[in-house]
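I am opening this notebook page to record what I looked up in the structure, going from one pair of residues out to the whole chain.

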Amino acid sequence: DQKGGEAAALEAVARVKGAARYPAMLVEACCAIAAADGGFDAEERRAALRICEVLGLDAAEFGIADAP
């Protein structure tokens, strides 16, 4: 169930919101994993943007806000 899985994943992501460095570290790790194959496709970018949204972070800080 994709929607259920996504909801559960975002709930787990939200648990680090407000922690000292963990939210930024989580986004940085997601971006590194997404780019590991030499690209950062639209689906990966949408996921990273959603994670930033859930954590209340500015996607521009991670260089993904203006990406195609």
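In which helix do E53 and R50 both lie, and how many residues apart are they? I found both E53 and R50 in helix α3 (residues 42-55), three residues apart, which is about one turn of the helix. Helices here are DSSP runs of H or I of at least four residues and strands are runs of E of at least two, numbered from the N terminus.

Before going further I noted that this is a predicted model, in which local features need pLDDT of at least 70 and side-chain atom pairs count only at pLDDT 80 or more, while totals for chains, interfaces and linings use all residues. Residues are numbered from 1 along each chain as its sequence is written, and side-chain values use heavy atoms, with hydrogens and water left out.

**Entry: the charged pair.** I looked up salt bridges, meaning a side-chain nitrogen of Lys or Arg within 4 Å of a carboxyl oxygen of Asp or Glu, and the search of the whole structure returned one. That salt bridge joins E53 to R50, with 2.8 Å between the closest N and O atoms. Side chains of opposite charge can pair when their charged atoms come close. For accessibility I used relative accessible area with a 1.4 Å probe, protein chains only, where buried is under 20%, exposed is over 50% and partly exposed is in between. E53 has 55% relative accessibility and so counts as exposed, whereas R50, at 34%, is partly exposed.

**Entry: V54.** I then turned to V54, which is also placed in helix α3. V54 has a relative accessible area of 17% and is therefore buried. Taking contact as heavy atoms within 4.5 Å, and leaving aside residues up to four places away in sequence, I listed L10, V13, A14 and K17 as the residues that V54 touches. The C-alpha atoms of V54 and M25, which are 29 residues apart along the chain, are separated by 14 Å.

**Entry: E28.** In helix α2 (residues 22-35) I looked up E28, which at 47% relative accessibility counts as partly exposed. Its C-alpha atom is separated by 9.9 Å from that of E61, 33 residues along the chain from E28.

**Entry: the whole chain.** I recorded three helices and zero strands in the protein chain, in the pattern α-α-α along the sequence. The radius of gyration, taken over C-alpha atoms, is 12 Å, close to the 11 Å that the globule rule (2.2 Å times the number of residues to the power 0.38) gives for 68 residues, so the chain is as compact as a globular protein of that length. Buried residues make up 22% of the 68 residues. Among contacts between residues at least 6 apart in sequence, 50% join residues at least 24 apart.
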